[in-house]
Amino acid sequence: GSGAGPEPHGILGTTGVNTVTNGAAGASLATTAYSNFFSAAQAILEDNAPMPTAAIMAPRSLVVLGALLDTTNQPRARPEMLRNMQFLATSQIPIDLTVTSSTDCSEIYVGDFTKMAFVLREAPSIQVASELFAANGQVGFVCHVRADVVLFYPKAFATVTGVRP
C-alpha cells in the first residue's frame with residue numbers, strides 16, 4: 001500500500017529499507033541480470049543485517065531471469081552467492097510504473113523475510129449482504145480487515161526500483 005490512510009505501509013513505505021535504483025529511466029533486467037541482487041545484498045550486509053533469503057518480483061521479471069543465456073546459448077546459472085535465495089513471483093507487483101520517461105518499470109523486494117510479520121490490527125469482519133443481490137438470486141459478502149506488514153529490522157530489506165523487461 002501507499003501508507004496513506006487507509007492503505008498499509010508495506011515494505012516500500014517503511015522507513016529505513018535500503019533502495020537500489022536503476023538509473024533515471026530504469027534498466028533492463030535482461031542487461032543487468034543478477035547485479036541488482038548483488039547490490040541489494042551488499043546494501044543489506046553493510047547494515048549488518050543477515051544475507052537475504054528471498055526476492056519477490058513480478059512474473060515478468062522472474063521469466064526474464066529464467067530466460068537469460070550464457071555465451072553458448074545455454075541457460076545462465078544463478079551465481080553461487082545467490083543460489084540459496086528464493087526467487088518468488090506475484091502478480092501484485094506492478095509492471096507499469098513510471099520512472100522518468102519509462103512507463104514499463106517494476107520493483108523487486110529483497111530481504112530476510114523472517115524479519116517481517118503480517119499483523120492484524122483487529123479481527124476480520126465478514127457480513128452477508130443478501131439484500132443487494134437478492135433480485136438476482138445471489139448472496140454477496142462485505143469484508144473488512146485492518147492489517148499491515150511490520151518489519152522488525154528494516155535494514156534487512158532492499159527495494160530494487162526501475163526494473164525494466
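The mean positions of the 9 positive and 12 negative charges of the chain lie 5 Å apart. Lys and Arg are counted as positive and Asp and Glu as negative, while His and the chain ends are not counted; each charge is placed at NZ of Lys, CZ of Arg, CG of Asp or CD of Glu. The model is a predicted one, in which local features need pLDDT of at least 70 and side-chain atom pairs count only at pLDDT 80 or more, whereas totals for chains, interfaces and linings use all residues. Residues are numbered from 1 along each chain as its sequence is written, and side-chain values use heavy atoms, with hydrogens and water left out.

The chain has four helices and 11 strands. Helices (H or I, at least four residues) and strands (E, at least two) are DSSP runs, numbered from the N terminus. The radius of gyration is 19 Å, well over the 15 Å that the globule rule gives for 165 residues, so the chain is more spread out than a compact globule. That radius is taken over C-alpha atoms, and the rule is 2.2 Å times the number of residues to the power 0.38. Along the principal axes, the C-alpha atoms fill a box of roughly 65 × 35 × 30 Å.

Of the 165 residues, 34% count as buried; buried means under 20% relative accessible area, exposed means over 50%, and partly exposed lies in between (1.4 Å probe, protein chains only). The chain exposes about 9600 Å², of which carbon and sulfur atoms supply 56%. These areas come from the Shrake-Rupley method with a 1.4 Å probe, and for residues only the protein chains shown count as cover. Among contacts with a separation of 6 or more, 76% join residues 24 or more positions apart, contact meaning heavy atoms within 4.5 Å.

Individual residues illustrate such contacts. Ser61 sits in helix 3 and is buried, at 2% relative accessibility. Not counting residues up to four places away in sequence, Ser61 touches Leu29, Ser106 and Val163. Ser28 belongs to strand 2, residues 27-28. Apart from neighbours within four places in sequence, Ser28 is in contact with Arg164 and Pro165. The side chain of Ser28 also reaches the backbone nitrogen of Ala30 at 3.1 Å.

Val150 lies in strand 10, residues 147-151, and is partly exposed, with a relative accessible area of 33%. Leaving out neighbours within four places in sequence, Val150 contacts Lys115, Met116, Ala117 and Val119. Ala117 is 33 residues from Val150 along the chain, yet their C-alpha atoms are separated by 5.3 Å.

Pro8 is in the segment before strand 1 (18-20). Its relative accessible area of 31% makes Pro8 partly exposed. The C-alpha atoms of Pro8 and Met85, 77 residues apart along the chain, are separated by 26 Å.

Two loop residues other than glycine have positive phi values. Asn73 lies in the loop between helix 3 (59-66) and strand 4 (86-89), and its phi is near 60°. With a relative accessible area of 57%, Asn73 is exposed. Thr100 is in the loop between strand 5 (97-99) and strand 6 (102-111), with phi near 55°. Thr100 also counts as exposed, at 62% relative accessibility.

Definitions and conventions: Polar contact = N/O pair within 3.5 Å; in protein donor to acceptor, adjacent residues only side chain to side chain.
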